[in-house]
Amino acid sequence: MRDYMAKSWTGPIVDNHFHLNRNGRFLDAAADFSRVGGTGLVLVHCPNFASPPNGFEAHRESYLDTISMAESVQGKFGLEMRVVLGPHPAAFAHELEKALHSQDGEAQEYAISNYWDSIEAALELVKQGRANAIGEVGRPHWKVSDEVWDLSNQLLKKTMKIANENNVSLQLHVEGESDETYPELALFADQVGLDRSKLIRHYAPANVSDKNTHGIIPSVLCGKGSVEEIITSHDSNSTGFFMETDYMDDLKRPGAVLGPKTVPKRVKQLFEMGISEEILYSSHQDLLVKAYGQPLEF
Ligand SMILES: [Zn+2]
């Protein structure tokens with residue numbers, strides 16, 4: 001008798017938000033991803049949180065190291081690599097918060113100019129074709145004073161304006177579950193003339209329906225239960241969606257985040273649960289090209 005078991009997914013599988021750390025598992029983590037069917041990574045720059053860079057040159061140098069890690073992964077495993085560079089809010093917003101609370105005008109000015117140095121260094125590398133987008137940028141995902149919140153929003157909005165002027169996508173790292181988040185980000189984009197689909201919300205909840213996402217591209221964190229929610233909401237999604245782990249590659253916090261094999265596992269589950277090939281190809285191939293351009297060549 002023939003076995004009518006569903007065939008398994010052998011198409012593209014991309015993790016849209018992945019970090020690597022030379023002091024972490026680095027190539028071993030990429031090997032894990034590749035071994036279980038992963039075909040491409042969006043490698044997102046992760047700053048040294050203990051001492052974030054100061055000034056344009058220092059930012060540029062730390063970005064170049066992320067690019068060089070992408071090159072190593074591509075060379076070793078043949079994965080399609082795209083790189084996203086920018087001032088991580090967990091580093092930058094703390095700097096801003098500290099400066100604002102210190103009431104020291106110079107420190108405030110410095111924090112802001114350091115933010116723009118970081119954006120400019122990222123933008124330059126994107127324009128040179130050495131990186132694909134700016135991120136993760138956003139606003140604090142912890143409780144802050146109104147002053148810090150307002151300034152963070154101003155900087156974010158201006159960053160969106162720059163993204164629009166340069167036709168670059170942004171990966172956003174914003175606060176968690178709030179009904180206000182998507183509509184507010186969409187409003188910011190509209191106010192500066194940025195196409196909403198240029199915004200990619202990292203760490204997004206798994207409800208991908210347009211009604212929820214307001215035209216912003218969700219990058220779904222692929223934890224437990226995410227596939228069921230994608231299955232029930234994707235029919236009412238018209239923008240496409242990404243999938244991610246936010247793998248941190250931090251040996252001190254194993255198990256704190258999803259492991260490198262998670263997205264391949266979830267994609268295969270989605271396929272087995274009946275999601276169409278067309279949708280998987282569009283989110284793991286076509287949408288990537290639209291959001292980030294072609295994978296990097298080194
Ligand atoms: Zn991240």
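Me: What share of the 298 residues of the protein counts as buried?
Reply: This is a predicted model, and 43% of its 298 residues count as buried.

Me: How many helices and strands does the protein have?
Reply: The secondary structure comes to ten helices and eight strands.

Me: And how compact is the protein for 298 residues?
Reply: The radius of gyration is 19 Å and the globule rule gives 19 Å for 298 residues, so the protein is as compact as a globular protein of that length.

Me: What box do the C-alpha atoms fill?
Reply: Roughly 80 × 40 × 35 Å, taken along the principal axes.

Me: Take contacts between residues at least 6 apart in sequence. What percentage join residues at least 24 apart?
Reply: Of those contacts, 73% join residues at least 24 apart.

Me: Switching to helices. At what angle do the axes of α4 and α5 cross?
Reply: Helix α4 covers residues 105-127 and helix α5 covers residues 146-166; their axes cross at roughly 20° and come within 12 Å. An angle under 35 degrees counts as roughly parallel, so α4 and α5 are roughly parallel to each other.

Me: Is that crossing of α4 and α5 left-handed or right-handed?
Reply: The crossing is right-handed.

Me: Which residues make the contact?
Reply: On α4, they are Tyr115, Ile119 and Leu123. On α5, they are Leu155, Thr159, Ile162 and Asn166.

Notes:
Residues are numbered from 1 along each chain as its sequence is written. This is a predicted model: local features need pLDDT of at least 70, side-chain atom pairs count only at pLDDT 80 or more; totals for chains, interfaces and linings use all residues. Axes are lines fitted to C-alpha atoms, for helices over the stretch in contact, and angles run from 0 to 180 degrees between N-to-C directions. Helices (H or I, at least four residues) and strands (E, at least two) are DSSP runs, numbered from the N terminus. Angles under 35 degrees count as roughly parallel, over 145 as roughly antiparallel, 65 to 115 as roughly perpendicular and the rest as oblique. A crossing is left-handed if the near helix is turned anticlockwise from the far one by less than a right angle, and right-handed if clockwise. Two residues are in contact if their C-beta atoms, placed from the backbone, lie within 7 Å. The radius of gyration is taken over C-alpha atoms; the globule rule is 2.2 Å times the number of residues to the power 0.38. A residue is buried if 20 or more other C-beta atoms lie within 10 Å of its own, exposed if 12 or fewer, and partly exposed in between; C-beta atoms are placed from the backbone.
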